[in-house]
Amino acid sequence: MDILVIGAGGREHAICWSLAKSPKAGTIYCAPGNAGIGEVAELVPIQVNEFDKLAAFAVEKQVGLVVVGPDDPLADGIVDVFEAKQIPVFGPRKNAAHIEGSKTFMKDLLKKYNIPTAAYEKFDNYEQALAYLQSRPVPIVIKADGLAAGKGVTVAYTRDEAETALKSIMIDKVFGDSGSQVVIEEFLEGQEMSILSFVDGETVRPMAAAQDHKQVYDGDKGPNTGGMGTYSPLPHIADSIIEEAIESIIKPTAKAMVAEGRPFRGVLFAGLMIAPDGKPKTIEFNARFGDPETQVVLPRLKSDLLDIFLAAVNGTLDQAEIEWSDEAAVCVVLASGGYPASYPKGLPIRGLDEAGAAGALVFHAGTARGKGGELVTNGGRVLGVVGLGKTIAEARDKAYEAAGSIAFEGKHQRTDIAAKALV
């Protein structure tokens, strides 16, 4: 079966790499892909927002399955376009992807169905939002309503930070129309956890839990990014807490979406906070594989990913065989200097062969081929270096050893990925 994967990041590289292991997979196409994806898939020069061109390509090549990676095309209804042409596609329809596309919708849904989340208020008027903000204690969380490439959330520890964030979202429009409405919510303290689940209506099949590191600097300092590293499993979080999150948050949310006439099919990604009392609450929901969570979750999948995708598309997810390895995985993201603000592109990358020799998986995120065919930087997050091992400590050592062999001008990485799991 030929497959079309849509996207160009580390997540899509991990998906293509995992699909390529399936004996049922024929040619894997990726649009538009990146330099690393080009090693496991045939790159197609069509952008993720060119829905008609993508659909025409899928029809021309008679692909048996389309897999959509990024959030923007899902929110804009790409799955609906493929379904209208009777092309099998893995991902949520536009009305279901709205759970990520609008934070106000997501928060209102959780409130309506009594699903644990932080207390919040929503505003589409700056003066009213500012007045409310000034009446609340800090720390406090300010979120742009719409999609913002993982950067639309500010955890403000001072009132000045909070007011600056609100102004940048609603007045300065740093996230465009995504900031026309904001959610202001209470600050939750505790351990963060990500649980991605394969979902088909009310059927929820959780993946291995992971933890992301959002801030750009060590010690969770600096602005939010798309993610600077991840690890899985989470030895410091009890299985009972993970199970409670699945039963009290993820499964009820899938049922709520069905009840609302928005049945979800695809990957439902729950961003959770484990409070000091051990109770999980919802921070956010995403409507797709996380990045860089995918880079540590899929290497732990022992089952055939293509079989799982097809089961979800065919409505037989409850019967799918899904087995996970006990192996640990740690991903260290290598980013461009200046990220998540402005950064240069086109800088030569060296040392990938040495990283592979060290036993690491290297998933490309922001890479391209230069004029002479050399590998160069082409994004904020450039590479995700994944170490595997019997323990988090062993996987972490492998990831950092391999990351140390890779060089490009301005390379930035956090040095404390997975450190919380070693305490």
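**View 1. Helices α7 and α8 side by side.** Helix α7 (residues 126–134) and helix α8 (residues 159–170) pack at an angle of about 165 degrees, their axes 11 Å apart. That makes α7 roughly antiparallel to α8 (angles over 145 degrees count as such). This is a predicted model, in which local features need pLDDT of at least 70 and side-chain atom pairs count only at pLDDT 80 or more. Residues are numbered from 1 along each chain as its sequence is written, and side-chain values use heavy atoms, without hydrogens or water. On the α7 side, the contact (heavy atoms within 4.5 Å) is made by Y126, A129, L130, L133 and Q134; α8 brings R159, A162, E163, L166, K167 and M170.

**View 2. Helices α6 and α9 crossing.** Here helix α6 (residues 103–112) meets helix α9 (residues 239–259) at about 105 degrees, with axes 10 Å apart. The two are therefore roughly perpendicular to each other (65 to 115 degrees). Look for F105, L109 and L110 of α6 against T253, A256 and M257 of α9.

View 3. Of the 10 residues in helix α11 (residues 305–314), 8 are buried (under 20% relative accessible area, 1.4 Å probe, protein chains only). You will find L305, L306, I308, F309, L310, A311, A312 and V313 among the buried residues, and the buried residues of α11 pack against elements including β1 (3–7), α1 (10–19) and β16 (265–274).

View 4. D304 caps the N-terminal end, with a side-chain oxygen 2.8 Å from the backbone nitrogen of L306. Just after α11, G315 takes a positive phi of about 80 degrees.

Technical notes: Axes fitted to C-alpha atoms, helices over the stretch in contact; angles between N-to-C directions. Helix = DSSP H or I, 4+ residues; strand = E, 2+ residues; numbered from the N terminus. Parallel < 35°, antiparallel > 145°, perpendicular 65-115°, else oblique. Buried < 20%, exposed > 50% of the residue type's maximum accessible area, 1.4 Å probe, protein only. Polar contact = N/O pair within 3.5 Å; in protein donor to acceptor, adjacent residues only side chain to side chain.
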